[in-house]
Amino acid sequence: MFEFIVGYYNYWMYIGLMMIGFYAMMAKRNLIKKIIGMNIFQSAIILFYVSTSVKKGGVTVPILEHAHEGHGAHHAVDIMQYANPLPHVLMLTAIVVMVATLGVAVAVCIMIYRRYNTLEEDEIIMSIKRG
Amino acid sequence: MIAQIPILIIVIPLISSLFCPLIGLWRRGLSYFWAVFSLSLCALASINTLLTVIDSGTIHYRLGGWAPPFGIEYVVDHLNAMMLVIVSVISLMVAVYSKRSVEQELPEKAVYFYTVFLLQVTGFLGIVITGDLFNLYVFLEIGSLAGYALIAIGEDGAPLATFRYIVMGTIGACFYLLGVGYIYISTGSLNMADVQQLLPQLYDSKVILTAIAFLLAGLAVKMALFPVHVWLPDAYTKAPSATSALIAPLMTKISLYVMIRILFTVFQPHLSIELLPVTDIMVWAGFVAILAGGIMALAQTDFKRMLCYVVVAEVGYIVGGVGLANTIAIKGAVLHILNDAVMTVGLFTVAGIIMYKTKSHDISDFHGLFKKMPFTMFAFMVGALSIIGVPPTCGFFSKWYLIQGAVIANHWAFLIALLLSSLISVVLFFRVIEIGYVFQASHGGHAHSTGQAATIDEAPLSMLIPTIAIALGIILIGVYNQAVLSNIVAFAVPQL
């Protein structure tokens, strides 16, 4: 049991973070708090991806040194020496997407604030109902 | 040049959306023609692709010449060739249609509207054409972000509806991303065809179960399947008319396409149908969605909002049809994706015309519209009959195949839901037709509706022509449904 918890600690952390974000998105009434929750939620997924590429035991970044000198088979790559670069690359794209989402969400918040002068969801709904 | 057509379908709207603001800066009115021009090119390219696929089978396009498991690959088979044509032709129709409605509703923002409009179409087309799971996520978010922007500029209450859509849509997209992550850590690949080859050894792994659960839950939010549909009615009702005509038919249908892709291409039908109870759950989800969507549509007094709940019910048709998991039902479901996209765009364009003329989308303001705008109401009648499922409109045929599939699968509850839904649609649309035929409002009407009654006449031609074309399309697809079935849909259905 202890092994199960410690051995997979990166997954537990991402699940915990994701649930914090999820709670904030669902339960908070303030729109900015919802946006913060959304960001925590997305960051949790980034951490999940990045943590899956880690290998234990002195692995390094996947950069081949002196790759252009000499020829022959000694350039064969031992993948166990390098962390998997692909999740990082995917997450660079995902970060861009998330920044864009954040930007659109904040822009919509500004529109809401200009129209209703508040960012509390219940007050906005009240003022919509009053017409 | 011909070999590059698959990538041109994406590149044309993407590049033209970058140039759109520049052209708008030079001559504001030109941005509309620019959008229509690039979408016509895009539609031609996708029709050409469809014909090539019918002629010579699946097209594989390697981006930058990188071989598939490492590079991103665009794969066009019968299913997504059909989707490409649906998306590009419908968006072209809506672009032509949008001119007057955008001038009236968003007079200052027309240039930016068309910029984002083109980005939205890029997102939709990219989701459909790509053969890479992560690339699909990126396009999904391009489409969604453009959609948020297009909806937020709507009438009062639109920003709040958009905010809710952003929160829900982000959860959906993140679940999808998480599902892709689980597939990636267990197979090491993101290419759909490659994953399909690698997965069967892992079918008893719990990671794969988690992956399929996250993928389907995420897509359910994006396609507005019943319990998680709550973002849809508000967002699409309050969006500008041109936006709801573009997004309401396409966004849900494209998520349904992705669902079919995931179930039958990424995972093999064997897993989705036999090893897991995925399809059983889907039939019941469809059952609930059809009834709940229909009943909530009955409760609406707003025309656009009613259509939104009809969309929720139609999503139930397709999810349930795929869930029945026999060849005829899946054929019906795929055909219904086409039919429902055309019917929904037809009805939303009518709603936009009525909005343009009467400044309202409340059903009680529809008095006497049949007399004042006969052509528009003809298009409305065709769309309504198709939703109800009256031959020879296309809605009848896909419903017929779904019913046959339900009989073969011995799923009587779903059959009853299909028939009940037709009855509910009869009530829904005849209520509108009745109000439309009565000329003098018996209760006196609202002050503004009677005040404007004299000025309401037939819609301008730029709105009317696409609307009538869509209505004729509904009838033509119905008449030639056998050709669509045997040339396209028959190849899009998995071999069971």
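1. First, some housekeeping. This is a predicted model, where local features need pLDDT of at least 70, side-chain atom pairs count only at pLDDT 80 or more, and totals for chains, interfaces and linings use all residues. Residues are numbered from 1 along each chain as its sequence is written, while chains are lettered from A and ligands numbered from 1 in the order in which they are written.

2. Start where the chains touch: 24 residues of chain A are in contact with 21 residues of chain B (contact means C-beta atoms, placed from the backbone, within 7 Å). On the chain A side, helices H3 (31–52), H4 (86–116) and H5 (121–130) each give two or more residues; helices here are DSSP runs of H or I, at least four residues, numbered from the N terminus. H4(A) has the largest share, with twelve residues. By class, that side has 18 nonpolar, four polar and two charged residues (Ala, Val, Leu, Ile, Met, Phe, Trp, Tyr, Cys and Pro are nonpolar, Asp, Glu, Lys and Arg charged, the others, Gly among them, polar).

3. Within chain A, the axes of H3(A) and H4(A) come within 10 Å and cross at roughly 175° (axes are lines fitted to C-alpha atoms over the stretch in contact, with angles from 0 to 180 degrees between N-to-C directions). That makes the two helices, H3(A) and H4(A), roughly antiparallel, the word for angles over 145 degrees. Their contact includes Ile35(A) and Tyr49(A) from H3(A), and Met91(A) and Cys109(A) from H4(A). Its residues split into 18 nonpolar, four polar and no charged.

4. Over in chain B, look at H3(B), residues 78–105. At 1.5 Å a residue its 28 residues should span 40 Å, and the end C-alpha atoms are 38 Å apart, which agrees (the expected span is 1.5 Å times one less than the number of residues). Still, H3(B) has a kink of about 50° centred on Ser98(B); the bend is the angle between axes fitted to the seven residues ending there and the seven starting there. Of its 28 residues, 24 are buried (20 or more other C-beta atoms within 10 Å; exposed is 12 or fewer, partly exposed in between).

5. H3(B) packs against H4(B), residues 110–129, at about 170° with axes 10 Å apart, so H3(B) and H4(B) are roughly antiparallel. Among the residues in that contact are Leu84(B) and Phe117(B).

6. Finally, Leu461(B) sits in H20(B). It counts as exposed because it has 11 C-beta neighbours inside 10 Å.

Technical notes: Contact = placed C-beta atoms within 7 Å. Parallel < 35°, antiparallel > 145°, perpendicular 65-115°, else oblique.
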